[in-house]
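Colleague: Hi! I'm new to this one, could you walk me through it?
Modeller: Happy to, let's bring it up.

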Amino acid sequence: MDKLLTLSGTKIAAMIREGKITSRKAVETHIEHAKKINPWINAIVADRYDQALDEADAADAFLKENGPENCPSFHGVPCSIKECFSLTGMPHTSGLVARKGIIEKKDATAAARMRRAGLIPIGVTNISELCMWMESHNKVYGTTNNCYDLGRIVGGSSGGEGCIVSSGASPFGLGSDVGGSIRMPAFFNGVFGHKPTGGAVPNTGQIPLAHGRVAFYCTTGPLCRKAEDLMPLLKIMAGPDGKDPECTAMDFGDPASVDFSRLNVLSVPENGAVRVHHELVIAQKKAADALEKLGASVKHRTVNKLKWSFAIWSSMLNHHQTEEFGVQLGQGKRIPVFWELFKWALRASDHTLPALALALGERIPMPTEKFIKMGRELRRELIELIGPDGVMLYPSYSKPAPRHLEPLMLLDNFVYTAIINVMGFPSTQVPLGLSKKGLPVGVQVVGTPGNDHKTIAVAMELEKSLGGWVVPKLAEKVNP
């Protein structure tokens, strides 16, 4: 492929500032690739190609008139945005048929900050219905397919983002994550994804919008094809906006300052409840070995309370939920779930089966207090085990990307990412090459609150040691 489709946004920005390429060239190259590959993958669900090219021309004119020293950090670089974020002039359905036709008149906070940093969105990407399932499928836009195998999922709910970044058509994009919705798509699509420390980035401008403590569990962050873009993007997005009450100011460290000879690595191979595929176990061991060669101290062990991850995550989330999912599906009025299930059986419902199942299941009573207490105990235990100078290696999922619909039979396998949300920890998904079937494998790098720079530093080093993102054959096929 064109080399531009394999570079980091940071390098593309430098090339634009140095006059080696124009913004027009960078944006046009990514758009032309998107036009070729998107019919296969259905990742971009609404484009703004013409507007993006006009903005690229304006960026080139600004650079010529004002000089590189007056340009923002990502001046003229293309990107993509998850459709659940409001973006001026673009649809904002969050995969809900009832919102079809809504066109936004303003940008979500994170999207606005990205644009102020010079980024140029080329389109918005597919999601699961109201962002609450691990397949990016809905009745508005249909299904997104994995670049490495079109018969497999891209994850959810930021699946369109993970897929379009993996395809080479966007150097990075904006996602959100309440149970793994950044990290699972990044894992299934073989790219980097960072879930920030809880409260680091405002969620303002999303549909559905999390409230109260759920807004602390739900985080906004980047998905990238190259690890060096993670921290610059996080710093651009982070900080209070005066609208999200859970967002607080954080002083992120520099990944370059991390001393690997003083780094403690806790490698936890599985949670004791959901078995992990042997190729992921091997990949995690390779990551641990690579860090040990850099001087890190590595320990392998299990953590017993992690076996209760699903109950802990769902209890802590539901305890603080201010509006039932069934009510959100009905835009303020609870949907008649059984009637919708009957309509779904006749292929007449506007809702997906996972969404209806969640609306039904949320009414099942659970021993919430027991698992909330256990979750608090687990958080204290993990903070002590990982420590201020450590990270934890932990699976991102139980297996490489499943086939379409298969997650319906693997209902609790997402807990490897979900438990990290209610802990409030930062976590970076790191690609570690491909499986024997040619599917991405990877690992989560988890840190204690505020140590985002440590998890990102580890991601950057593992990229150097083990390769990082691998260009999908489909991308090379459609754009040789």
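Colleague: Which strand do four bridges join to S2?
Modeller: That is S3 (residues 120-125), and the two strands run parallel. Helices (H or I, at least four residues) and strands (E, at least two) are DSSP runs, numbered from the N terminus. Two strands pair if DSSP finds at least two bridges between them.

Colleague: Before we go on, what sort of model is this?
Modeller: This is a predicted model, where local features need pLDDT of at least 70, side-chain atom pairs count only at pLDDT 80 or more, and totals for chains, interfaces and linings use all residues. Residues are numbered from 1 along each chain as its sequence is written, and side-chain values use heavy atoms, with hydrogens and water left out.

Colleague: Is S2 buried or exposed?
Modeller: Five of the five residues of S2 (residues 78-82) are buried, so the strand is largely enclosed by the rest of the structure. Buried here means under 20% relative accessible area with a 1.4 Å probe, protein chains only. Pro78, Ser80 and Lys82 point one way, while Cys79 and Ile81 point the other way.

Colleague: How does the whole sheet line up?
Modeller: It is an open sheet of 11 strands with mixed pairing, in the order S1-S3-S2-S6-S8-S7-S12-S13-S11-S9-S10. S1 (44-47) and S10 (297-300) stand at the edges with a single partner strand each, so one side of each is left without a neighbour in the sheet.

Colleague: And which residue is opposite Ser267?
Modeller: Leu393 in S11. S9 (residues 264-267) and S11 (residues 390-394) pair in the parallel sense over four bridges.

Colleague: Switching to helices: how do H10 and H15 pack?
Modeller: H10 (residues 309-320) and H15 pack at about 45 degrees, with axes 9 Å apart. Axes are lines fitted to C-alpha atoms, for helices over the stretch in contact, and angles run from 0 to 180 degrees between N-to-C directions. The two helices are therefore oblique to each other; angles under 35 degrees count as roughly parallel, over 145 as roughly antiparallel, 65 to 115 as roughly perpendicular and the rest as oblique.

Colleague: Which residues meet there?
Modeller: Among them are Phe310 and Trp313 in H10, and Ala418 and Ile419 in H15. Contact means heavy atoms within 4.5 Å.

Methods: Buried means under 20% relative accessible area, exposed over 50%, partly exposed in between (1.4 Å probe, protein chains only).
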